[in-house]
Amino acid sequence: MSETRDPRPRRRRLLRAVVGLLVLLAVIGYFAVQRDSNGGGGAPFCVASADPVGEEETSESYEMSPEQAANAATIAAVGVAKGLPDRAVTIALATAMQESALRNLDHGDRDSLGLFQQRPSMGWGTPAQITDPVYSAGIFYDHLVDVPGYSRLPLTVAAQKVQRSGFPQAYAKHEPDAIVLTAAFAGGGSVNCGGPAPSGPGDPERVRADLIRIFGKDGMHTMPPQGGRAGRNAGGGQVVPEPEVTLVEKGGGGEAATRRSRAMAHWAVAHSKEMGISRVSYGRHGWIAGKDRGRWQDKSGARTKDGAKDPHTAEPGEVRIFMAR
C-alpha cells in the first residue's frame, strides 16, 4: 500500500520562499528610492563615470563609498598636479585598489600602512607620512616615474616594480575599473556623489590648505561669507553666499589647465561629506549636496527669484567651492 504524503510542509516552504523574495524586493526597492530621491537623503555614495560632466551615464561606471571616492580623488589629483599622464594615474589607482580597496588603513602585513600598504621599515616614510594620502600618492608616483618606460609596461609589471608585492598578478583585475576612475577624476569623465547635505559648517581654510598641498597656491583664494558676488532675493534683501574657495587657472587655459580644474572640481565633490562642502561650480555646471540625485547640472542660465544671475555660477576656467554654513 503506497503512502500518501502530506502536501502542507511543501506548501509552507513555498510560501516562506515567496515571502522571503517579496521582502528582498521591498528592501531593494527601498534603497533604490532612497538613492534616487531628489532630495538626496539616502545613504551617501559616489559614482565615477567616463561620461562628461552633466551627461547621463552611458558608459562603464564604478560605484564607491565617500571614503573611497575621496582617496581616489586625492590619488588622481596628485598625479595631475605632477603633470603625469593618465597611464600613471591608472597604475596608481589599480595599485591602491588592490592593496587597500582605496581605504587609508592603519594596519596591514607586518608594518604595512595606508592606501598603498607602504612600509616604514622599507624606507617609505614615517607611519604619519604613509597614512597621509597626499604624501603616500606622491611617493608612489616618485618611484613609478623612476621605472624606465613605465607607461609602456603592462600594469602588473609597472606596479610590481614599485611595490615588490608577493602577488603581482593581482593588480591586473583592477585595471578596467582604474581606467574608469582615471577618466572620471583626471580626464574628461565625471564624478557624481549623492546623499544628504552636510549637517555642519565647512571650513574653507582647511579645503584651501589641502588643495594648496596638492596643486600649489597660484590663483587660489578664499572669499568670506559676506564678500563678492552676493545677489538680491525676491524681497529685495541681500543674498549672502556661503564661504567659498575660488580657484582660477592662469596661463590662458589649455588642456593642462583644464585637466587641473576638472581634478579640483571632482576632488571637492568627492570630499564634500568629509569637509562640509555644500556645492561646487565648474564651467557652466554645478553640483549641490543633497540635490539632483547627486548629479552635476547645467547652471549656465541659472537665475535668482528676481531674475538676477545666480551668484554661485562660475566663470570660464574657474572652480568655486562653497562651504556649508
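1. A residue counts as buried when its relative accessible area is under 20%, and as exposed when that area is over 50%. Keep those cut-offs handy as you look around this predicted model.

2. Phenylalanine 116 pairs with phenylalanine 140, and the two rings are stacked, with 4.7 Å from centre to centre and 15 degrees between their planes. Where do the two partners sit? Phenylalanine 116 is in the loop between helix 3 and helix 4, while phenylalanine 140 belongs to helix 5 (residues 133–144), so the pair ties together parts that are 24 residues apart in sequence. Phenylalanine 140 is at 0% relative accessibility too, so it also counts as buried.

3. Phenylalanine 140 has another partner, tyrosine 141, and here the arrangement is edge-to-face: the centres are 6.2 Å apart and the planes make an angle of 75 degrees. Both phenylalanine 140 and tyrosine 141 are buried.

4. Now for the cysteines. How many disulfides does the model have? The count is 1. The bond joins cysteine 46 to cysteine 193, with the sulfur atoms 2.1 Å apart. The link is right-handed, with 110 degrees about the S-S bond. Cysteine 46 sits in strand 1 (residues 45–49) and cysteine 193 in strand 3 (residues 190–194), so this pair ties together parts that are 147 residues apart in sequence.

5. Are these cysteines buried or exposed? Cysteine 46 has a relative accessibility of 2%, so it counts as buried. Cysteine 193, at 3%, counts as buried as well.

6. Arginine 110 has a positive phi of about 55 degrees, although it is not a glycine. You'll find arginine 110 in the loop between helix 3 (86–100) and helix 4 (127–130). Its relative accessible area is 64%, so arginine 110 is exposed.

7. Arginine 164 is worth a look for its backbone too: phi is near 55 degrees, a positive value in a residue other than glycine. Where is arginine 164? It lies in the loop between helix 6 (155–163) and helix 7 (175–186). With a relative accessible area of 65%, arginine 164 is exposed.

Note on methods:
Residues are numbered from 1 along each chain as its sequence is written. This is a predicted model: local features need pLDDT of at least 70, side-chain atom pairs count only at pLDDT 80 or more; totals for chains, interfaces and linings use all residues. Side-chain values use heavy atoms; hydrogens and water are left out. Helices (H or I, at least four residues) and strands (E, at least two) are DSSP runs, numbered from the N terminus. Buried means under 20% relative accessible area, exposed over 50%, partly exposed in between (1.4 Å probe, protein chains only). Rings of Phe, Tyr and Trp (its six-membered ring) pair if their centres lie within 6.5 Å; planes under 30 degrees apart count as stacked, over 60 as edge-to-face and the rest as tilted. A disulfide is a pair of cysteine sulfur atoms within 2.5 Å.
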